[in-house]
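Please look over the model below.

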Amino acid sequence: MDIIQQRLQDSIEVKKRIMDDGELIRGIHKAADMIAACLKNGGKLVLAGNGGSESDSLHFAGEITGRFQKEREPWPAVVLGADPATLTAISNDYGYEEAYARQAKAFVRDGDVFIGISTSGNSRNLIKAISAVGHTNCKTIALLGKDGGAVKSMVSQSLIVPSNVTARIQESHITMIHIICELTEEAMG
């Protein structure tokens, strides 16, 4: 088997593990239900990640604000770190570990959903952002990998991809994001 076929097979195997994990499947449903309830009640999604996970946050927000498969009204979603001027100003003044926490305090309100995306679950800036929203009555969701890291026990719903390979985790995060968007659109009518 060449490298192309092997990587496709690796991706298939991780997705099979997800498909066979009843708890994870229920968690995906629960995450979509939290998001739909938030949006129905006038809340917004606030997302954050680093590197490829930041790109996944932007992708997720684009599906929510634009549309996924159904023609519908736009829903509100904000991605922390998407504004380079704000990100670099906060990082310069307070340190990169505080960049998302300061923004989370500014944007997250009662009834919102905060979504963190991290392959390791140990990103300090994401951990601090989740801690920063603890005073609100918001729900928290994390898309994670490996063992879920520190973030898994900090959120209302953790979705942990059963893999230790960053590329397979990120591929599975995109699949979960698309499923959550589809379930949310169905729930919203």
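Leaving out residues up to four places away in sequence, which residues does Ile35 touch? Ile35 touches Leu45, Phe60, Val113, Ile115, Ile141, Ile180 and Thr184. Contact here means heavy atoms within 4.5 Å.

This is a predicted model, in which local features need pLDDT of at least 70, side-chain atom pairs count only at pLDDT 80 or more, and totals for chains, interfaces and linings use all residues. Residues are numbered from 1 along each chain as its sequence is written, and side-chain values use heavy atoms, with hydrogens and water left out.

**Cores**

The largest nonpolar core holds 31 residues. Ile35, Leu45, Phe60, Ile115, Ile141 and Leu159 touch the most other members. Elements that each supply at least two residues include α1 (3-19), β1 (45-49), α3 (52-65) and α7 (166-188). The largest share, 8 residues, comes from α2. Another core, of 20 residues, lies apart from it; among its members are Ala48, Leu80, Ile130 and Cys138. A nonpolar core is a set of buried Ala, Val, Leu, Ile, Met, Phe, Trp, Tyr and Cys residues joined through side-chain atoms within 4.5 Å. Buried means under 20% relative accessible area, exposed over 50%, and partly exposed in between (1.4 Å probe, protein chains only). Helices (H or I, at least four residues) and strands (E, at least two) are DSSP runs, numbered from the N terminus.

**Helix α2**

Helix α2 covers residues 22-40. Its 19 residues should span 27 Å at 1.5 Å a residue, and its end C-alpha atoms are 27 Å apart, which agrees. The expected span is 1.5 Å times one less than the number of residues. Buried residues of α2 include Leu24, Ile28, Met34, Ile35 and Leu39. Asp21 caps the N-terminal end: a side-chain oxygen lies 3.1 Å from the backbone nitrogen of Glu23. After α2 comes Gly42, with a positive phi near 85°.

**Rings**

Tyr96 and Tyr100 form a tilted aromatic pair, 6.4 Å centre to centre, with 55° between the planes. Rings of Phe, Tyr and Trp (its six-membered ring) pair if their centres lie within 6.5 Å; planes under 30 degrees apart count as stacked, over 60 as edge-to-face and the rest as tilted. Tyr96 is partly exposed, at 40% relative accessible area. Tyr100 is buried, at 2%.

Two arginines sit over rings. For this, NZ of Lys or CZ of Arg must be within 6 Å of the ring centre and within 35 degrees of the ring normal.

| Charge | Ring | Distance to ring centre |
|---|---|---|
| Arg72 | Trp75 | 3.6 Å |
| Arg102 | Tyr94 | 4.2 Å |

Ser57 is found in helix α3. Its relative accessibility is 0%, so Ser57 counts as buried. Beyond four places in sequence, Ser57 contacts Leu47, Ala48, Gly49, Val79 and Ile117.

Gly81 lies in the loop between β2 (77-79) and α4 (84-94). At 11% relative accessibility, Gly81 is buried. Residues up to four places away aside, Gly81 touches Glu54, Leu87, Tyr100 and Gln103.

Asp112 is in the loop between α5 (99-107) and β3. Asp112 is buried too, with a relative accessible area of 4%. A polar atom of the Asp112 side chain lies 2.8 Å from the backbone nitrogen of Arg109. Not counting residues up to four places away in sequence, Asp112 touches Cys38, Gly43, Lys44, Phe107, Cys138 and Lys139.

Note on methods:
A polar contact is a pair of N or O atoms within 3.5 Å; within protein, one must be able to donate a hydrogen and the other to accept it, and residues adjacent in sequence count only if both atoms are side-chain atoms.
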